[in-house]
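Biologist: Before I rely on the labels in a structural description, I would like to hear the rule behind each of them.

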Amino acid sequence: MENLSESRKKLYEMCEKTETSKTGMEKLVEYYINSLGWSEDQACEYALGLFHDGTITKIKLIGKDGKEL
């Protein structure tokens, strides 16, 4: 995790605590960056806020076969 921003490190720590897929969280952060034009820090902080306010508790990425990716 040496080249990650501080906000990305915090987000990954939350993923580990909540058994959330980092891949799933990456997709969410990518959406915020690419679709909404947010910076990486804005996207990560917003995603962290979703955990803190209880909007999400965990994210899993599920493939067409129904198995977690």
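Predicted model: local features only at pLDDT ≥ 70, side-chain atom pairs only at ≥ 80, totals over all residues.

Modeller: Residues are numbered from 1 along each chain as its sequence is written, and side-chain values use heavy atoms, with hydrogens and water left out.

Biologist: Why is helix 2 called oblique to helix 3?

Modeller: Helix 2 (residues 22-36) and helix 3 (residues 40-52) pack at an angle of about 130°, their axes being 9 Å apart. Angles under 35 degrees count as roughly parallel, over 145 as roughly antiparallel, 65 to 115 as roughly perpendicular and the rest as oblique, so helix 2 is oblique to helix 3. Their crossing is right-handed.

Biologist: Which residues make the contact of helix 2 with helix 3?

Modeller: With contact meaning heavy atoms within 4.5 Å, helix 2 contributes M25, L28, V29, Y32 and I33, and helix 3 contributes E40, A43, C44, Y46, A47, L50 and F51. By class, that contact has eleven nonpolar, no polar and one charged residues.

Biologist: What makes helix 1 roughly parallel to helix 3?

Modeller: The axes of helix 1 and helix 3 come within 9 Å and cross at roughly 30°, and this angle makes helix 1 roughly parallel to helix 3. Helix 1 passes helix 3 in a left-handed crossing.

Biologist: Why is the pair of W38 and Y46 called edge-to-face?

Modeller: Rings of Phe, Tyr and Trp (its six-membered ring) pair if their centres lie within 6.5 Å, and planes under 30 degrees apart count as stacked, over 60 as edge-to-face and the rest as tilted. The ring centres of W38 and Y46 are 5.2 Å apart and the planes stand at 70°, so this pair is edge-to-face. By this rule the count comes to four aromatic pairs, and Y31, Y32, W38 and Y46 form one aromatic cluster.

Biologist: What makes E19 worth a remark?

Modeller: Most residues other than glycine have a negative phi. E19, however, has a positive phi of about 55° although it is not a glycine. E19 lies in the loop between helix 1 (6-18) and helix 2, and its relative accessible area of 55% makes E19 exposed.

Definitions and conventions. Axes fitted to C-alpha atoms, helices over the stretch in contact; angles between N-to-C directions. Helix = DSSP H or I, 4+ residues; strand = E, 2+ residues; numbered from the N terminus. Left-handed = near helix turned anticlockwise from the far one by under 90°. Nonpolar A, V, L, I, M, F, W, Y, C, P; charged D, E, K, R; others polar. Buried < 20%, exposed > 50% of the residue type's maximum accessible area, 1.4 Å probe, protein only.
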